[in-house]
Amino acid sequence: MHSTLTTEGPDSARHGARARTEGASASAGNRDRPAPARVPRVLFVYPFPATFIQRDMDVLQTFCDVRPLLFNRRSQYPNLLKSILSADIVYCWFALPFAAVAAIVARAVGRKVIVVAGGWDVARIPEIGYGRLLSKRGLAIARVSLGSPDLVLAFSEHSKTTIREVAPKSPVRLAYLGVDAELFHPAEKENLVVTVAQVSRENVLRKGLRTFVDAAKEVPEAQFIIVGRPLDDAMEELRAAGPRNVRFLGEVSDPDLREILGRARVYVQASYAEGFGVALAEAMASGCVPVVTRRGAMPEVVGDTGLYVDYDNPNELANAIREGLRSQLGARARARVLDRFTIARRLNALRNAVFGLIDSVHFVRGGDHGD
């Protein structure tokens, strides 16, 4: 649902017979009258549906008139260019080609551009074959996408540093992603260990899925669950290599995911790299004890509320999971989310970003139009 204008347009009498007969002083007064206030118009461009992207759209809709544009094929460029003209701000998710084009065109026609970045779009990890910047074209597009906007919002301090390495003059600012801690909350805990990731050959390495399965062999007293849609035959290979206490649930609904995390005692993110870790933060909000590697933004998200392991070490991961099953760190993990990674904080960051870029004299700030 889009936000609406908060004031009526100019009085029609200004353009009628009365306006023509009222004299010079009245006409001058009308010219000095400020333009009616309205909410900012935001063109929200994104490459695929995802819960964390939808969450940003929902947040922006509380104080902006948001027009979404799912950009998933090149034939949409004419629509993108046309839509830019009717927006005050173009808000792009990820430093992808459409963000580079939007940044150049929008600035040429006097519009503002915000790009949200910090994951695969700015990564270059050749040892596991991960990241858009592995190609020269990907690197060139990222430099334009990150250097040309009016503002770049990074998921984490880790992502902010990475963005500066790609585009040293990028106008980048930290804006942590938010988690709905009312929806994600603890339930009665069980000896359940969960990880969330799409199941693919790439994620067997990047998300540490094989390490997760191998660690389960050493902790038979717990049930291990992998939640995530299979993308290739990696699930069958993991299933063949895994013990009987590992279940592969595939893709689940949002309510089912919240129910699983609410019951889980331990959440594992055995990744090689993470730009933030939305599922990790959701698990922490659910009262899970986080067991993670010291890589990417994970130490930034977890802080001192979880347990740390080396990447690709099943034995060390198994020992940490056992400790996590006995630990009371889950309550501290949730408290950290409530302190740092809430929807309210994300709302404040996006509101400041939007109104920091436009002439707020002519716009209604969030909370001033009946929210």
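Visitor: Where is aspartate 312?
Guide: Aspartate 312 lies in the loop between β12 (307–309) and α14 (314–326). Helices (H or I, at least four residues) and strands (E, at least two) are DSSP runs, numbered from the N terminus. This is a predicted model: local features need pLDDT of at least 70, side-chain atom pairs count only at pLDDT 80 or more, and totals for chains, interfaces and linings use all residues. Residues are numbered from 1 along each chain as its sequence is written, and side-chain values use heavy atoms, with hydrogens and water left out.

Visitor: What's the phi of aspartate 312?
Guide: Positive, about 60°, although aspartate 312 is not a glycine.

Visitor: Buried or exposed, that aspartate 312?
Guide: Exposed, with a relative accessible area of 52%. Buried means under 20% relative accessible area, exposed over 50%, partly exposed in between (1.4 Å probe, protein chains only).

Visitor: And phenylalanine 94, what's its phi?
Guide: Near 85°, again positive in a residue other than glycine. Phenylalanine 94 sits in the loop between β3 (89–93) and α5 (97–108). At 10% relative accessibility, it counts as buried.

Visitor: Which cluster has Phe94 in it?
Guide: Ring pairs link Phe94 with Phe48, Phe52, Trp93 and Phe155. Rings of Phe, Tyr and Trp (its six-membered ring) pair if their centres lie within 6.5 Å; planes under 30 degrees apart count as stacked, over 60 as edge-to-face and the rest as tilted.

Visitor: New topic. How many residues of helix α9 are buried?
Guide: Seven of the eight in α9 (residues 209–216), so the helix is largely enclosed by the rest of the structure. Among them are Leu209, Phe212 and Asp214.
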